[in-house]
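Please walk through this protein fold with the model open beside the text.

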Amino acid sequence: METSKAVKPISTSLTGVGKSFAAKGRTVDAISDLNLEVEEGEYVVIVGPSGCGKSTLIRCIAGLESPTAGTISIGGKSVYDAAKSIDTKVNARNVGMVFQSYALWPHMTVEQNVEYPLKMRKIAKAERQERVAKVLEALECTQLSKRLPAELSGGQQQRVALARALVYEPAVLLLDEPLSALDALLRVSLRTELLRLHRALGYTAIHITHDQEEALEMGDRVVLMREGRIEQVGPPAEVYARPVSPYAANFLGVRNKLAVTRSEGGLRHGGGMIEGSQSLAASAAGNDSLQLFVRSRDTHVRRLSSSVQPQPGDIEVEGVITQVALGEGGRRQYVVDIDGALWYAQHGEDPDLAVGESVRVRASAAHALLYEGENLINH
């Protein structure tokens, strides 16, 4: 007998949330009719480019901005309701925040930094000391308790900022681009550290970033925003594999794209037919405004005279190599001109492929993404 998955309580709920600003004589909608539920213990990452509304959204949840429409509930309590004129102050919302700069008080020790939110809430001294000791131990910071922030590494400062945000046991932890100010290597190591701490402590988190790799690596769910709305939401593997729109595909790093039309024999581009594309073409109802996207990691190149043969289910098109460079991990990457569109291929199937050579470019049709207008049509 099948058992249904237990439904977790909702930690944070946003319904119909909107936020408008007046700018240069016109109204700008930073957030429009946004709906989102975050379960207790879930780590949700909100991602998108600058100006998409993610920072405004997290500030509305925290109470640093007041929405102009909708409702927000945290821990089962309504903290904002436009219709009922409810707008709970920041310090009464039971949220923790970790900022980009960590914002530790430089003249306070680690212990004093972590204790500060409890003092502001007038918690008795004995309880303060007990809770500070407990959270420092949980985040492996006990040995740092008497140090000043200037004496800490970036990773240690991050843990202290988390300890300070978690010490009063907030219903949700809000992380505002917590890794963006760090160098690339430290960012990667601190992603791992944040995930380890979340799994160990089980807190609820909403994390915003502009970095798609960070979002896909860290989130239980990823929320991709576009111009104040949610474009796509789902588990990282699902969002990565099936971006719902050309916007999502572009943001998630799908670099190879080609404008195509549907014909009787398959898909056609400006330079001719795409071999093996019949199954893809069958998913298109019409023949206008089609775009074919393929990831560079799924793209292979070989000489026209190559003995290597395509596999069943592959699509193929001809092009000319315009650049050969070292890509990620020291692997050669090939840039191929396909009728004016530049495609990037991470796999060369013949030795010594060089600039100027005519090549066949192939990818599995199963890994290709076909869009009609704004919609993914080959699910």
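What follows moves from overall figures to sheets, helix packing and a single threonine.

This is a predicted model, in which local features need pLDDT of at least 70, side-chain atom pairs count only at pLDDT 80 or more, and totals for chains, interfaces and linings use all residues. Residues are numbered from 1 along each chain as its sequence is written, and side-chain values use heavy atoms, with hydrogens and water left out.

Start with the whole. The protein has nine helices and 23 strands. Helices (H or I, at least four residues) and strands (E, at least two) are DSSP runs, numbered from the N terminus. The C-alpha trace spans about 80 × 60 × 50 Å along its principal axes. Of the 379 residues, 48% are buried. Here buried means under 20% relative accessible area, exposed over 50%, and partly exposed in between, with a 1.4 Å probe and protein chains only. Contact means heavy atoms within 4.5 Å. Among contacts with a separation of 6 or more, 67% are between residues 24 or more positions apart.

Now turn to strand E9, residues 205-209. How many of its residues are buried? Five of its five residues are, so the strand is mostly covered. Side chains in a regular strand alternate between the two faces of the sheet. In E9, Ala205, His207 and Thr209 point one way. Ile206 and Ile208 point the other way. E9 pairs with two strands named here; two strands pair if DSSP finds at least two bridges between them. Strand E3 (residues 43-47) runs parallel to E9 over five bridges. Val47 stands opposite Thr209 there. Strand E8 (residues 172-176) also pairs with E9 in the parallel sense, over four bridges. In that pairing Leu174 stands opposite Ile206.

Next come the helices. Two packed helices are described by the angle between their axes and the distance between the axes. Axes are lines fitted to C-alpha atoms, for helices over the stretch in contact, and angles run from 0 to 180 degrees between N-to-C directions. Helix H4 (residues 154-166) and helix H5 (residues 184-201) have axes that come within 10 Å and cross at roughly 35°. H4 passes H5 in a right-handed crossing. A crossing is right-handed if the near helix is turned clockwise from the far one by less than a right angle, and left-handed if anticlockwise. H4 contributes Gly154, Gly155, Gln158, Arg159, Leu162 and Leu166 to the contact. H5 contributes Leu186, Leu190, Glu193, Leu194, Leu197 and Leu201.

H4 also packs on helix H2 (residues 110-120), at an angle of about 30° and with the axes 7 Å apart. That makes H2 roughly parallel to H4 (angles under 35 degrees count as such). This crossing is right-handed. Val110, Asn113, Val114 and Pro117 of H2 meet Val160, Ala163 and Arg164 of H4.

Thr261 has Arg268 in E13 as its bridge partner.

The other sheet also has six strands, in the order E19-E18-E17-E21-E16-E20, and its pairing is mixed. Its edges are E19 and strand E20 (347-348); each has a single partner strand, so one side of each lacks a neighbour in the sheet. Four of the five residues of E19 (residues 341-345) are buried. Strand E18 (residues 332-338) runs antiparallel to E19 over five bridges, with Val336 opposite Trp343. E18 and E19 form a hairpin with two residues between them. Asp339 in the turn has a positive phi of about 55°. Strand E17 (residues 314-326) pairs with E18 in the antiparallel sense over six bridges. Val320 stands opposite Asp337 in E18.

Finish at Thr71, in strand E4 (residues 69-74). Is Thr71 buried or partly exposed? At 25% relative accessibility, Thr71 counts as partly exposed. Not counting residues up to four places away in sequence, Thr71 touches Ser13, Leu14, Thr15, Val17, Tyr80 and Asp81. Thr71 and Asp87 are 16 residues apart in sequence and 9.6 Å apart in space, C-alpha to C-alpha.

Note on methods:
Angles under 35 degrees count as roughly parallel, over 145 as roughly antiparallel, 65 to 115 as roughly perpendicular and the rest as oblique.
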